[in-house]
Amino acid sequence: NEQQRQSLFWKKKKIMVRLEVCERRGQHEVMVPCATWTPGNELLSCGDDGTIVKWGVDGSVVSKSKIDSSVTSIAWMPSVGRGQTDVFAICCTDGTLRLIAGSTLREERKVQAHHGAAIQVGWNLDGSAMYSGGEDGEIKVWSKTANLRNTPVRSQHAVYAFAAGPTGEELCYASELRLYVISVGSTSSSI
């Protein structure tokens, strides 16, 4: 039967993962709600105290910066069809969306994006637009330089997560107990 075939398939497929747990003290003093890899294979981590740390491949601290708010989400700008990008976006509990230079960890742009916390930030696949979702129930579409394009979602409940579709014209978002799929600029339908 189908279930036995799937079970056999998964038993035949062996996936080896080597996980090394190491302890690094002194870089983050509080919870780390988000992290991402850079195109140069470095790791960025953001703490609730506003500390942003760039880690080298050997686990050493490459650089460190501090902003004036807790970070809730981080997303590196895609570099499809271009050279390697040096920008990442973060959103914060103070409702701001910020663009940060990856090489220096310097804040390049800061905009008030949401009333209440900005919960998630993400890019479309080619890096020409980014999206933010917040406690205010809104999803906003931004240019790659953080200029507001439109607000396709105005919900009565917080937007806790979203995912951009493969063309960048669709978004799936989670609000309350439902998932919604929208075309950017049109009305949504519940699934």
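**Close-ups of a predicted model**

**View 1. Strands β3 and β4, side by side.** In this predicted model, β3 and β4 run antiparallel to each other and pair over 5 bridges.

View 2. Zoom out a bit and you get 4 strands in the order β1-β2-β3-β4, paired antiparallel. At the edges stand β1 (34-37) and β4 (61-66); each has a single partner strand, so one side of each has no neighbour in the sheet. From one strand to the next, the twist averages 15°.

**View 3. Lys54, a lysine tucked away.** Is Lys54 buried or exposed? Lys54 sits in strand β3 (residues 51-55) and is buried, because its relative accessible area is 6%, under the 20% cut-off. Its side chain reaches the backbone oxygen of Gly102 at 2.6 Å. Beyond its close sequence neighbours, Lys54 also touches residues including Glu42, Leu44, Val62, Ser103 and Leu105.

**View 4. The largest nonpolar core.** Here are 14 residues, and those with the most contacts inside the core are Ala89, Leu97, Leu99, Val121, Trp123, Met130 and Trp142.

View 5. Leaving out residues up to four places away in sequence, Val121 touches Ala89, Leu97, Met130 and Phe162, among others. Another core, of 13 residues, lies apart from the largest one; Cys34, Leu44, Ile90 and Cys92 are among its members.

Key. Residues numbered from 1 in each chain as written. Predicted model: local features only at pLDDT ≥ 70, side-chain atom pairs only at ≥ 80, totals over all residues. Heavy atoms only, no water. Helix = DSSP H or I, 4+ residues; strand = E, 2+ residues; numbered from the N terminus. Buried < 20%, exposed > 50% of the residue type's maximum accessible area, 1.4 Å probe, protein only. Polar contact = N/O pair within 3.5 Å; in protein donor to acceptor, adjacent residues only side chain to side chain. Contact = heavy atoms within 4.5 Å. Core = buried A, V, L, I, M, F, W, Y, C linked by side-chain atoms within 4.5 Å. Pairing = 2+ DSSP bridges. Axes fitted to C-alpha atoms, helices over the stretch in contact; angles between N-to-C directions.
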